[in-house]
Amino acid sequence: MDRESTSAFNLTVKATNNANAKKTATATLLITVNDVNDNAPLFNQKLYSANVSESASIGTTVTQMSASDGDDGSNGKVTYTIRSGNDLGLFAIDSGTGTVVTAGKLDADQGVQDYQLFIWAQDNPSSGQSLAGTTELRIAVTDANDNTPYFTQSVYQQTVSEGTIVGTTVVHLTAFDADSGSNARVTYNISVGNDDSAFSIRSSDGIVTTAKTLDRETVAKYRMTLTAVDGGTPSNTATASLIVTVSDINDNEPTFTLSSYSADLVENGPVGQVVIQVSASEKDSGPNSAITYSLESAVAAMFNISSSGAITALRSFDRETRAKYSFAVYAADSAPSPRTGSATLTVNIVDVNDNEPVFQNE
């Protein structure tokens, strides 16, 4: 007999005598089939799958296991246990209900992301051998965007020539995020300090390039704040600094304070007397801004100019011989390929009473 198929039989028993006038009597017989523990618990799925966030607090329900046993009474009462795969003790199961919960702190970034548990459902006979059924539970720990991106450096420093062509790579920034999937996908941008949009950054990989021609004389140094934003919701952000120093090229000529100068020089004056002080400046820096003065070669025997721009007379002058001298003054920088600026100087010889009247013969 199989109690699980038919648990009871309701029979009618009929008794008849052998007399010529037969008499008959009937009775009802109820036969109950007593259970024996001949069925093992059976899960309703061969494989269970569940997801749980790494941020889940201890005691969070992961999934519900369910097994049935066709036997009766204690023979059919199921008790659940985690048989294997829970070496770290991160999960627990309610023995009576089969509810699986978290029992420890999960970490999808540093720990294991996938767990394979084998669940045991065992019946509880009052006597004899218990029977059990098993199933597999696969738990995937999902990322919770609990990590902030970080740059490999807090401050990046680079030097770029002002003559650099547009599109030149300045620096390749790198930021990491310990999360996974879209939570670890970092987007880069320049949030502060990109004056005149002189630089651009590729949002996908952090490559910074020049976006326009740089001019050291306008901006000599850029101090920018960089951000790396992950793809989580809400997102996490990291910052770093990028300092770009613009190095000089010799792209400016020396410039005199005046384009033309005028000075008076008394005739018959002593050799070495100062005629005038001229001055030139240079917007470039370093050797590109160191200035050397010179005069037009035609007056090299008459005038001299010092390294400071002081022009002096190399001889005495006679107004009656020549009353005016006009010549070019040059200022050259000290670059390997120097640039030169010029101005004009007019020297007027001032008369002194150094001649007596002379009668003219008729």
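Arg216 is buried in this predicted model, with a relative accessible area of 15%. The cut-off for buried is under 20%, so Glu217, at 22% relative accessibility, counts as partly exposed. The side chains of these two residues, Arg216 and Glu217, form a salt bridge, with N and O 3.1 Å apart.

Arg216 also has a salt bridge to the side chain of Asp248, again listed at 3.1 Å, N to O. Arg216 sits in the loop between β18 and β19, whereas Asp248 belongs to the loop between β20 and β21, so this pair ties together parts that are 32 residues apart in sequence. Asp248 counts as buried, at 16% relative accessibility.

I turn now to a further pair. Asp351 and Arg319 make a salt bridge whose closest N and O atoms are 3.1 Å apart. Asp351 lies in the segment after β29 and Arg319 in the loop between β27 and β28, so this bridge ties together parts that are 32 residues apart in sequence. Asp351 is partly exposed at 41%, and Arg319 is partly exposed at 29%. Across the whole structure, the search finds six salt bridges.

Finally, let us consider strand β18, residues 207-210, which contains Thr210. Thr210 counts as buried, at 2% relative accessibility.

Conventions
Residues are numbered from 1 along each chain as its sequence is written. This is a predicted model: local features need pLDDT of at least 70, side-chain atom pairs count only at pLDDT 80 or more; totals for chains, interfaces and linings use all residues. Side-chain values use heavy atoms; hydrogens and water are left out. Helices (H or I, at least four residues) and strands (E, at least two) are DSSP runs, numbered from the N terminus. Buried means under 20% relative accessible area, exposed over 50%, partly exposed in between (1.4 Å probe, protein chains only). A salt bridge is a side-chain nitrogen of Lys or Arg within 4 Å of a carboxyl oxygen of Asp or Glu.
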